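Hello,

Here is the structure for you to look through. My notes follow below it.

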Amino acid sequence: MTTEQAPGSPQWAQILISALGLLGGAGGLSVLATVLLQRRKLRADAAGALTEVALTLVQPLRSRVAELEAEALEVREQMAASQREIQRLRATVWELTRTLERWRAAIMAPHATVQRIRLAVADEDRRPHPPRNPTAQHPDDDRTD
């Protein structure tokens, strides 16, 4: 800004023009500040809208994940029950295999007679057996032990 006075113009006119320039510049600055503030507000509004849409999309996924976790827990429990059942069945197979081997040995003995084989089988019936788990019985099996 120069302090020289233009020839033929009164000093008050220059002051008026300078004041208008300052006000215009201030007005321009205020417009610029308003635009910047509006831009921030628009960004905040857009972020809020995006957050709302994301939550709307995520909520069904959260529900599905909860369902799948419940199903996975149920499957794990079923698997544990199946493993226990397999252990019981293995023990039963092992016991029956040993019994079959004893009976085969009694039959194949060089001095085997029907009477001796009957006695060997009768001894098996008197032998203590591990208690059977009633839940190990198949639900379609109507037999009772």
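Is Glu-124 buried or exposed? Glu-124 counts as buried, because its relative accessibility is 6%. (Buried means under 20% relative accessible area, exposed over 50%, and partly exposed in between, with a 1.4 Å probe and protein chains only.) Glu-124 sits in helix α2, residues 114-126. Its side chain makes a polar contact with the side chain of Arg-102, at 2.5 Å. (A polar contact is a pair of N or O atoms within 3.5 Å; within protein, one must be able to donate a hydrogen and the other to accept it, and residues adjacent in sequence count only if both atoms are side-chain atoms.)

This is a predicted model: local features need pLDDT of at least 70, side-chain atom pairs need 80 or more, and totals for chains, interfaces and linings use all residues. Residues are numbered from 1 along each chain as its sequence is written, and side-chain values use heavy atoms, without hydrogens and water.

Now the whole chain. It has two helices and zero strands. (Both are DSSP runs, numbered from the N terminus: helices are H or I, at least four residues, and strands are E, at least two.) Of its 145 residues, 2% count as buried.

Next, the salt bridges. The structure holds five. (Each is a side-chain nitrogen of Lys or Arg within 4 Å of a carboxyl oxygen of Asp or Glu.) Among them is Arg-64 with Glu-67, at 3.1 Å. Arg-88 pairs with Glu-85 at 2.9 Å. Arg-98 meets Glu-101 at 3.2 Å.

Best wishes
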